[in-house]
Number of protein chains: 2
Amino acid sequence: MTDAFSFAVSATDGEARRGTIATPRGEIRTPAFMPVGTAGTVKAMLPEQVRQAGADIVLGNTYHLMLRPGAERVARLGGLHRMMNWERPILTDSGGFQVMSLSGLRKIDERGVTFQSHIDGSRHELSPERSIEIQGLLGSDIQMQLDECVKLPCSDEIAEKAMHLSLRWAERCRVAFGEQPGRAMFGIVQGGAVERLRVESARELTRLDLKGYAIGGLAVGEPQAVMLSMIEAVMPHLPAAKPRYLMGVGTPDDIVEAVRRGVDMFDCVMPTRAGRHGQAYTRYGRLNLRNAVHADDPRPLDPASACPAANTYSRAYLHHLVRAGEILGMVLLTWANIWYYQDLMAGLRKAIEEGRLSDHIASVKADWIRGAPPGPRASCRSEAADGDAILALSDGTVRRGI
Amino acid sequence: MTDAFSFAVSATDGEARRGTIATPRGEIRTPAFMPVGTAGTVKAMLPEQVRQAGADIVLGNTYHLMLRPGAERVARLGGLHRMMNWERPILTDSGGFQVMSLSGLRKIDERGVTFQSHIDGSRHELSPERSIEIQGLLGSDIQMQLDECVKLPCSDEIAEKAMHLSLRWAERCRVAFGEQPGRAMFGIVQGGAVERLRVESARELTRLDLKGYAIGGLAVGEPQAVMLSMIEAVMPHLPAAKPRYLMGVGTPDDIVEAVRRGVDMFDCVMPTRAGRHGQAYTRYGRLNLRNAVHADDPRPLDPASACPAANTYSRAYLHHLVRAGEILGMVLLTWANIWYYQDLMAGLRKAIEEGRLSDHIASVKADWIRGAPPGPRASCRSEAADGDAILALSDGTVRRGI
């Protein structure tokens, strides 16, 4: 255990890095995937199930928690860790992204953003300072700057304006955050799909000497190739000694390609949301357990998995639970999916340590293809007000739902 | 472990009995409460959570399982135990009760009952022989005869006709069941709220020399006093050496009063359904976690409980989860409720062993009253097609929902 927040890279393989973030609440092995605990719960999971799956850190959503149960109330209850019974590190986003995608009647200006709650229509303000204050009340270990995230595609002018506003907000967040031993505040690179803007954003942010840097505003509708080229453009301009976090990403394929390009941290609702909608991620690709083809299949999802949900219950039983709308079906598939994502990360970490990342990724992808033909690639940074995912498919189209 | 099905009483206290049912799949400590696993899952629970709570046996619903996933399919998957990953004993009902309460366009005659599925409108037949066949396909350890369960109040003529039909069906079920080493078939006492009919039913059933006897058709709308007087009327006519099962009961108060009168086994959806609707059963009565009074309450449900759901999470957090519609709220409250019911049974068993049942019950009731003023008494043998409970309140009225 440590009193300070630190990051150390212990191995590299090409651009990819194997590292460790040390915090007073525990270590985060990178590359890391953070399950999303939107409203103070990784949906359908007990915290011990999340830990058992291998997660070192979970994400909390400032937007959801400030509206319900309220940041001051969480603080009175001893903070988010104690409230949700998760004593390991928590990263919180700034709330900005969900304000843009979920709330009503929002108005953005230099000071911040005012908006209406999607729950009860009440009016709220979120400034860079208030976002940091809320994240402090929650007790977050890694706090994110407030940023403006534009929808893609958009004009260069809009992307540039939002990027500059985000830079000014980053500076205000840094001042508001001050010195918090053991905790970190990360900046967020913006700039839409414009390489020049992304590079400028990364360079200017780096001047602030923050504890870590995120890439935001990707996986919001653009093809994977655009996302990857933005990552490639930004990476050389971020300091090698700081963790790099690709926000809201993504599919297993997105993740391995981003790890290959030097990204250290990820979060996405995909494994949890898919689990609540009858979808299983496995070594052999994604399965839709609702399909009749599974109705009599006695095989578990993956006998080689260490996850009880993946190695114990038959596909036929999971199919039955999904068809019957049983909560246990959501629990088991969510658990299996979180576990699969953590296994994926563990495999990537080991491959980097052993200097065989490219071979490993090729083998992982061969398994996906051999097992079950993959459906369209989907990313899920976006979330509609009704809780559906906004999916960006590999052919460039956007679709609602998983 | 044993190859045979047996029952032994090890202690008595007044009419109450402390016993053990031995089966090849494990022992059942009586008085026992069986959590209900309607469609092959105790709703929202992993099987290990049910076991951890202290349950020796769960109940499966023939009606639900025959419609989905289908009895023959369950058999192909190795039986219900293997399918749902519960290797301990399972009791299945006959399907008759749910046919009467859930299905559409049902027609009952001497041969059996034909009905339309509430899921897809498909037509099905259930005879005494088919019910036993289905329960055998499921692999049930304790199988129930098909019976006709009338709604209360009803005329004596209707109650008598249904009781006699149930007796004839009991005989056919006994023949169909034959000899199944290690398994048992129980008969069901009917007769509405008419003492004379209940006594006749018990006497005639006893002639069949079955492995156990249930009391059916109670807690379907009548006041608790009527239910208890029917139990008192029937008990002297059931053989002391066989287990006695009060079907579909009930509230904690119903259970302690029935145990006091010599009942050995219970089942009810109340703890699981209540858990999905924000209600917690505790030593200090029932709490509605949806109420604003819990919003800032840092106390757990019961710090003295061994259940992680009851001793770890604050009421404020549970309130938040319930308000936000989070699955984890349903999981935690279901777990706490099942655990509470099992603790209640363990306390009753210990008190019988030690010859202090009356004092124990008085102390249990004092805790309920001291803690939180009890709401109207509710029993839950009934279930509406939409999944709501049909509640019989202590003032004699009937209400939908928990």
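## An annotated aspartate in a strand

Asp267(A) is found in strand β14 of chain A, which spans residues 265–268; strands (E, at least two residues) and helices (H or I, at least four) are DSSP runs, numbered from the N terminus. The model is predicted: local features need pLDDT of at least 70, side-chain atom pairs count only at pLDDT 80 or more, and totals for chains, interfaces and linings use all residues. Residues are numbered from 1 along each chain as its sequence is written, chains are lettered from A in the order in which they are written, and side-chain values use heavy atoms, with hydrogens and water left out.

Asp267(A) has a relative accessible area of 6% and is therefore buried, a term that means under 20% relative accessible area, with exposed over 50% and partly exposed in between (1.4 Å probe, protein chains only). Not counting residues up to four places away in sequence, Asp267(A) touches residues including Phe33(A), Leu59(A), Tyr245(A) and Gly248(A); contact means heavy atoms within 4.5 Å. A polar atom of the Asp267(A) side chain lies 2.8 Å from the backbone nitrogen of Gly248(A).

## The active-site annotation

In UniProt, an unreviewed entry gives the annotation "active site" to Asp93(A) and Asp267(A). They are spread over 175 residues of sequence, yet they cluster in space, with a largest C-alpha distance of 10.4 Å. UniProt positions are given in the numbering used here, feature names are shortened, and annotations may be inferred rather than shown by experiment.

Asp93(A) is located in the loop between β6 (90–92) and α5 (96–102) of chain A. Asp93(A) counts as buried because its relative accessible area is 6%. Leaving aside neighbours within four places in sequence, its contacts include Asn61(A), Tyr63(A), Gln135(A) and Met247(A).

## The binding-site annotation

The unreviewed UniProt entry also lists a "binding site", and among its residues are Asp93(A), Asp147(A), Gln190(A) and Gly217(A). Gln190(A) has its place in the loop between β11 (184–189) and α8 (195–207) of chain A. Its relative accessibility is 2%, so Gln190(A) is buried. Apart from residues up to four places away in sequence, Gln190(A) touches Asp147(A) and Gly217(A), among others.

## The annotated domain

The unreviewed UniProt entry assigns residues 15–365 of chain A to "domain: tRNA-guanine(15) transglycosylase-like". Over residues 15–365, chain A is 43% helix and 19% strand, and the end C-alpha atoms are 19 Å apart.

## The interface of chain A and chain B

The size of an interface is often given as the accessible area lost when the parts come together. Between chain A and chain B the buried area is about 3000 Å², and carbon and sulfur atoms give 61% of this area; buried area is the accessible area (1.4 Å probe) that two parts lose on being put together, summed over both. Chain A brings 38 residues to the contact and chain B brings 38 residues.

Six salt bridges are counted between the two chains, each being a side-chain nitrogen of Lys or Arg within 4 Å of a carboxyl oxygen of Asp or Glu. One salt bridge joins the side chains of Arg73(A) and Asp296(B), at 2.9 Å from N to O. On the side of chain A that touches chain B, α14(A) gives the most, with six residues.

Key. Polar contact = N/O pair within 3.5 Å; in protein donor to acceptor, adjacent residues only side chain to side chain.
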